[in-house]
Amino acid sequence: MSAPASVPTALAAGCASCHECGLLCRLASHAPGAALRCPRCGAEIHGRKPRSLERTWALLLAAAICYVPANVLPVMSVTSVGRTQSDTILSGVVYFVQHGDWPLAVVIFTASVFVPVLKIVILAYLALSVQRGSRWRPAERTRLYRITEAVGRWSMVDIYVVTILVALVRLGALATIQPELGAVFFGAVVVITMLAAESFDPRLIWDRAEGT
Amino acid sequence: MSEGESPAGPAAAEPVIERGGRRLSVVWLIPIVAAVVGAVVAWRAISEHGPQIEIRFATAEGIEAGTTKVKFKQVEVGLVEEVVLAEDLSGVVVRARMVNDAERWLREGTRFWVETARVAGGQVSGLGTLLSGAYIGVDPVLEGEEAHRFVALETPPVVSAGQAGRHFTLRSYRAGALPVGTPVFFRHLEVGRVVSSVLDESGDFVEIGIFVDAPHDRRVQRDARFWNASGLDVSVTASGVQVDTESVVSLLVGGIAFDTPPRSDAPPAEADASFVLHETRQAAEDAVYGEKQYYLVRFTQSVRGLVVGSPVEFLGIPIGRVTEIRLVIDHERKTFEVPVVIEIEPGRIADRQVPGSISEWHANLDQVVAQGLRAQLRSGNLLTGQLVVALDMHERAEAAQIDWSGPLPEIPTVPAPLEELTSSAMRIAQKIERLPLDEIARDVRGALEALRGTLAQTDRTLASTQGLISPGSPVIGELQRTLVELREASRSLGLAADQLQQEPESLIFGREDGP
């Protein structure tokens, strides 16, 4: 799908739609630094998300930093009858592979290792391409963004599993499961990448592609 | 952006809308915080990271990478990171990450072992590992060269490095069911344990290392005697049946006992001193006399009942034992003899003087043998029929002396009491046999015949004598008459004497007839 050479945009018409309720408002000239609000729902109105790229970069950097301890540190430790075993995400994957549970290993690997990396890389690419004013395949890039946004929440599966296990397995001396620091970092990675995806404004892709 | 193209107003009048300027957005705090937290976590992880060490094990049984811990006094001091085969396949190398202050005690003397549930030396240990899995035990040492490569022990050390007490070495001909952990007793009180049991370099002895806890280690004096107190010691000796045991535990798992001679004032033995481990308590007590002299005694009679170990007694007091009994044939004389080697402990003979040298002892022995000291087989126990070699003074024995020519000095012997009796009876019989009995009989018969003739003659003589003195014989009648006459004569002589008394003048003037 290639965009038409010149399409009238709301911004070009001096308008912007409210993010919350979709009301089309006129971007009147206003005092510097003053915030515009939707007359219907009260949400802030801006033609494009403010400082979108800067925010995205900052959050991506934070996510990348957190990603390292999330994978190096154990996410949980299982203590059963005096024997304590700490597992990182990757050691869990290796465990399932060694025991022949390929489907489970693939699911965990995809959701916990592959997807966060994918999100970080895609967002970084999108931010970079927008920054450099790339006009290359804006439709595909937009689709990439949509995938990123859709898949992001599934990475939280690990955190859910850990929290549920920690709550359930409280058998005193027999068995206990403790969350470890890795889980905190992992949760941070997921949340921060979701925020990064949120802060990225896909319309920027088209601003360049439909170039002025 | 495309503000400049806004149709809402003239381009020249439209001011540039400030959007907070080029200031850094607050959002950059997020990566900064993430970086700081990450750095803190990383720093903590690195600071907790101690040295990695290599421990060599025979097998990796019970050891799992990432799970098995290294513990000292049940405190975790390390974690196994990797288990690999040794290059020469003779064992496994376990790489463990220790806590960060572990360098302090990772010295050459530090020992590692696998702690699992085990039953040894009458004790059950490590039951907790049945559930929690094995762990690697460590016995840290604070002195010595720093080290990062270790060879693990096969079994947990019986004595940890800081324990108070002393090590000693016992030498024995055989290990005698004394595994590591076997208790050591002093007067039936458990005071130590066996810590090692290895062959010495020559292979002749087993060197048993023991550890005696403080303060009992002072009881190990220089003259201490050790014996194997394993099980039940039943011995049948010339003095009867003896049963000896140290404790029920030693009955089951064996044990070593030691003691000091009574009234001993020897100083405590220094650490690592070496002692002899005797087979039995008796042997240990016997061994106190230390110095032994060997002699040969030859018997020509049956030595049935004499065994190796039979006592050698002097005046009824045991002073040694039989160590060897052989049977030798003398081809020239076609006789057999039994050389018996006896062991005598001169120390058992209390010397009023200062104990002299061996040559002095030999000179004394020479003198004593000259005075009549002889060896003799004697029944030690009528019930068991055991014999003892008795050394006694036989003043009337034939003169003899010690034969110093052989490899062992030979003490002359005298026959056993029974044998002596038999041989003298034999001598009498032989003499009787040598008597000329036939001749004697002939002489006696001649004599008897002559005697018979004499007797017949005597008979006749007696018969005629009988005739002479029989009541109606003339001799008797004659005699009777003679006697009557004699009586008459004496009466008239009496009358005459009376008359003479009354009338003495009648002797001169004659008898006056009637007054």
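User: How many bridges join strand 5 of chain B to strand 8 of chain B?

Analyst: Strands (E, at least two residues) and helices (H or I, at least four residues) are DSSP runs, numbered from the N terminus, and two strands pair if DSSP finds at least two bridges between them. Here, 5 bridges join strand 5 of chain B to strand 8 (residues 135-139) of chain B, and the two run antiparallel. Within strand 8 of chain B, Asp139(B) is the bridge partner of Arg111(B). This is a predicted model, in which local features need pLDDT of at least 70, side-chain atom pairs count only at pLDDT 80 or more, and totals for chains, interfaces and linings use all residues. Residues are numbered from 1 along each chain as its sequence is written, while chains are lettered from A and ligands numbered from 1 in the order in which they are written.

User: What is the order of the strands in the open sheet of chain B?

Analyst: The open sheet has 7 strands in the order 5-8-2-3-4-1-9, with mixed pairing. Strand 5 (111-115) and strand 9 (149-151) of chain B each have a single partner strand and stand at the edges, so one side of each lacks a neighbour in the sheet. With axes taken as lines fitted to C-alpha atoms, and angles running from 0 to 180 degrees between N-to-C directions, neighbouring strands of this sheet are turned by 30° against each other on average, direction ignored.

User: Why does the end-to-end distance of helix 3 of chain A agree with its number of residues?

Analyst: The expected span of a helix is 1.5 Å times one less than its number of residues. Helix 3 (residues 102-131) of chain A has 30 residues and should therefore span 44 Å, which agrees with the 41 Å between its end C-alpha atoms.

User: Where does helix 3 of chain A bend?

Analyst: A bend at a residue is the angle between axes fitted to the seven residues ending there and the seven starting there. Helix 3 of chain A bends by about 40° at Phe114(A), and Pro116(A), a proline, follows within four residues. After this helix comes Gly133(A), with a positive phi near 70°.

User: Which residues of helix 3 of chain A are buried?

Analyst: A residue is buried if 20 or more other C-beta atoms, placed from the backbone, lie within 10 Å of its own. Those buried in helix 3 of chain A include Ile108(A), Ser112(A), Pro116(A), Leu123(A) and Val130(A). In chain A, buried residues make up 30% of the 212 residues; in chain B, they make up 20% of the 515 residues.

How values were computed:
A residue is buried if 20 or more other C-beta atoms lie within 10 Å of its own, exposed if 12 or fewer, and partly exposed in between; C-beta atoms are placed from the backbone.
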